[in-house]
Amino acid sequence: MAEMPEPSSRRRWLLHSLQASIAATLAALFYPVVRFLRPREATTSGALEVVAPYTPSQLKPDSEGHWPRPFNFGGKPCLLVLTPDGAKRLATGQNLLDGDVKAFNAICTHLDCTVEYRPEQADIFCNCHNGVYDVNGTNVSGPPPRPLDKYKVTLRKPGKPGDARPGQEEIVVSRTT
Amino acid sequence: MERLGLDGLQALAAKKRVPIHRTTIFYFLGGMALFLFAIQVITGALLSLYYKPSPDQAFESVRAIMTEVDYGWLIRSIHSWSANLLIGVLFLHLLTTYIMRAYRRPREVTWITGVLLLVVFLAFGFSGYLLPWNKLAFSATRVGTAIVGAVPLVGEQLLLLARSGKEVTGDTLARFYSLHVVILPIVTFAILGVHLFLVQKHGMSVPQGVAERCGGEDKVPSMPFVPDFLVRDMVGWYLALGILAVLAALYPWELGEKADPMASTPEGTKPEWYFLFMFQTLKKVPEEVWGIRNAVLVVLFFAFVGLVVVLMPFLDRGAPRGRIRRAFNVLAAAAVIFFIVMTAWGLWE
């Protein structure tokens, strides 16, 4: 049987269709896998506003010196801080002002550790790399590149007007996005 | 090339040839099993990214894979379907190897490692079946491990070992998970390594009848493995991939209802088809034969059959068409018919 010389264009066409089929097969295989790897929709609450589990009078160190731990706000830890001014007002029985309680996303802007409030120094400290923020969440020393994310705080007096003593207000934390 | 020692591999590939005769098609089954195993490894690794092995979360995580994760239904369905096809291909691989009598000297160890691999893959199937933690799986695991408990003398210890306790609990799930994704894969790679090495070392076996007709093994026509046979292999793999995609798309693997340890066993509880012949035998053998519990009898019987299969290269030593071989052929045919009838009966009932 003699070897027939094939027209090169037909051979090239066959080769190209084979290559295209292989490429299409690979695409069909990898596409679902890549989609599968993509994380599914977050299952945490998307709430824009929550009532914190603490009242202002509970914002003080416990017997072991620990500040109340951050609570879950939309899947992220939310740190509440009672400013030194606010603490003074509370001690003298004065009404609190809105700026006396602050709420931050407690995720450090450096490398995602969770920060804590140090009442003695009146600063917010990150244990991972000694990052320091002031009570307004502004980064003052250490590696953090920018301030902590802030949330809006509204103090709401429960019950009838005049019922609640200063420090018994509900702390309503809200975010815009 | 020289740094990686690939020239040795190239020489091996150039040397490997596949004999051409009536039953050349049997040679595709090993490669097919290998391909399906590769699919199991890939889809299994993917599923483990979302699966959570705890009684509180296992069912929910598989449900999330089926409903929330992009293409999760596809990956899981392919994993389940491919597992079943793989077991089927392994059964055929075993049967055709027997028919070709390919376990003859010097390939005894290739046969033994192959039978061991079949046992390992049955264990893969059994352990994987429990992981979605649904009612059927829970019952099947209870029954399956209870049968292990019927083994004389060591049965109770084996049962405790299999279940990690007297009942099927979250510890059983953790144990089966570890077996499925850690222990069995390591064992598989070890045995498979030996199996594949021996296949390369001894080359493809030629059936005695074919060799005689051609006047010697070396006179049997053959084709090079690379690229002739490999390309044919790939056509088979491509077909298998298509079949898997069709099965997964048209018959996505069901999830069932979440297991409830306190609920009554649901009606129609059956194991996977490849265990059905044992299940059906157990159901049909009278409760007591000669004063022995049926489970004990059935377990001992199948253990004996398994032993005969493993030792086949040493039992079948006679001439190609001798009396020993003929007796074995009758038994093998009986075993295949028994398997098919019992499986069909179990499916139908």
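A salt bridge here is a side-chain nitrogen of Lys or Arg within 4 Å of a carboxyl oxygen of Asp or Glu. With that rule, three salt bridges are counted between chain A and chain B. The model is predicted, with local features needing pLDDT of at least 70, side-chain atom pairs counting only at pLDDT 80 or more, and totals for chains, interfaces and linings using all residues. Residues are numbered from 1 along each chain as its sequence is written, chains are lettered from A and ligands numbered from 1 in the order in which they are written, and side-chain values use heavy atoms, with hydrogens and water left out.

Twelve residues of chain A are in contact with 16 residues of chain B, contact meaning heavy atoms within 4.5 Å. About 1200 Å² is buried between them, and carbon and sulfur atoms give 66% of that area; buried area is the accessible area (1.4 Å probe) that two parts lose on being put together, summed over both. On the chain A side, Pro32(A), Phe36(A) and Arg40(A) lose the most area to chain B, together 57% of what that side buries.

Two of these residues can be followed across the interface. Arg40(A) forms a salt bridge with Glu68(B), where the closest N and O atoms are 3.1 Å apart. Phe36(A) and Tyr50(B) are edge-to-face, at 5.0 Å centre to centre with 85 degrees between the planes. Phe36(A) lies in helix H1 (residues 8-37) of chain A, and Tyr50(B) in the loop between helix H2 (28-47) and helix H3 (58-67) of chain B; helices (H or I, at least four residues) and strands (E, at least two) are DSSP runs, numbered from the N terminus. Both Phe36(A) and Tyr50(B) are buried, where buried means under 20% relative accessible area, exposed over 50% and partly exposed in between (1.4 Å probe, protein chains only).

Asp70(B) lies in the loop between H3 and helix H4 (72-100) of chain B and Arg35(A) in helix H1 of chain A, so the pair joins two chains. Arg35(A) is partly exposed, at 24% relative accessible area.

Now to chain B itself. Arg101(B) and Asp316(B) meet in a salt bridge of 2.6 Å, N to O. Their positions, in the loop between H4 and helix H5 (108-130) and in the loop between H13 and H14, are 215 residues apart. Arg101(B) counts as buried at 4% relative accessibility, and Asp316(B) does too at 5%. Ala319(B), in the loop between helix H13 (312-315) and H14, touches Arg101(B) and Arg325(B), not counting residues up to four places away in sequence. Ala319(B) is partly exposed, with a relative accessible area of 46%.

Finally, aromatic rings gather in chain B. One cluster includes Phe91(B), Trp273(B), Phe277(B) and Phe339(B). Phe277(B) and Phe339(B) form a tilted pair, 4.9 Å centre to centre and 50 degrees between the planes. Phe277(B) lies in helix H11 (residues 273-284) and Phe339(B) in helix H14 (residues 323-348), so the pair ties together parts that are 62 residues apart in sequence.

Notes
Rings of Phe, Tyr and Trp (its six-membered ring) pair if their centres lie within 6.5 Å; planes under 30 degrees apart count as stacked, over 60 as edge-to-face and the rest as tilted.
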